[in-house]
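I opened my notebook to look up strands, core and rings. Here is what I wrote down, entry by entry.

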Amino acid sequence: MDGKYYRLFRTGTLVVALLTVLILSLGLYSRGSAQYIDLNIKFPFLSGPTWKIVQGYNTTYTHTGYQRYSHDYIRDDGAQSGQWVTAPIAGYVAWGGTTTQAQGCISLRSTTSTNYRVMLCHINFITNYNVGDYVSQGWLLGTVAPPGHKGNNGT
């Protein structure tokens, strides 16, 4: 084989190998059928104040099991108690959402994908929600409970 073509073949093989590694590492390829789902998740608070994540995705601070995918938010000025909580997705109430519930949690099942849910906790609800009730994205659900109420430890 001519040296010029051999170098081109080796370079081409290297490029294909690198692209394959890149595609697999970025998750652009998956086995089975791929399905695009636009979840269009909104931040669950009204615009204005600055918030930060103090418990992030898959950390071990306070959440375990499936809750390890949780986020805990606080306002930069520490005034999160009493702030309005909005529905981050349009969906149906899967469970929770009652004013008497100890932890103040609600789980919404997405209208886009029945396999996708969002759970929000530490809320003083303004009304009771029943399983199956429809909630529009952006609806006011209630307010952030103060520390010591609805399972809110202050963070």
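**Entry 1: the sheet.** I looked up strand E9 (residues 140-144) and found that E3 and E9 pair in the antiparallel sense over 3 bridges. Two strands pair if DSSP finds at least two bridges between them. Strands themselves are DSSP runs (E, at least two residues), and helices are runs of H or I with at least four; both are numbered from the N terminus. In this pair, Val-85 stands opposite Gly-142 in E9.

I note that this is a predicted model, where local features need pLDDT of at least 70, side-chain atom pairs count only at pLDDT 80 or more, and totals for chains, interfaces and linings use all residues. Residues are numbered from 1 along each chain as its sequence is written, and side-chain values use heavy atoms, with hydrogens and water left out.

Next I followed the whole sheet. Its 3 strands run in the order E3-E9-E7, the sheet is open, and the pairing is antiparallel. Strand E3 (84-86) and strand E7 (123-125) are the edge strands, each pairing on one side only.

**Entry 2: the core.** Which residues have the most contacts inside the largest nonpolar core? I listed Ile-106, Leu-108, Leu-120, Tyr-129, Val-135 and Leu-141, in a core of 16 residues. Such a core is a set of buried Ala, Val, Leu, Ile, Met, Phe, Trp, Tyr and Cys residues joined through side-chain atoms within 4.5 Å. Buried means under 20% relative accessible area, exposed over 50%, and partly exposed in between (1.4 Å probe, protein chains only). Strand E5 (106-110), strand E6 (117-120), E7 and E9 each give two or more residues to this core.

I then checked Leu-120. I counted 8 aromatic pairs. Rings of Phe, Tyr and Trp (its six-membered ring) pair if their centres lie within 6.5 Å; planes under 30 degrees apart count as stacked, over 60 as edge-to-face and the rest as tilted. Phe-45 and Tyr-73 are edge-to-face, because their ring centres are 6.0 Å apart and their planes stand at 85 degrees. Phe-45 lies in the loop between helix H1 (3-26) and strand E1 (51-55), and Tyr-73 in strand E2 (residues 72-75), so the pair ties together parts 28 residues apart in sequence. Phe-45 is buried at 13% relative accessible area, whereas Tyr-73 is partly exposed at 23%.

I also looked up Phe-125 and Tyr-129. Their ring centres are 6.1 Å apart with planes at 75 degrees, so this pair is edge-to-face. Phe-125 is buried at 8% relative accessibility, and Tyr-129 is buried at 8%.

Last, I noted one aromatic cluster, formed by Phe-43, Phe-45, Trp-51 and Tyr-73.
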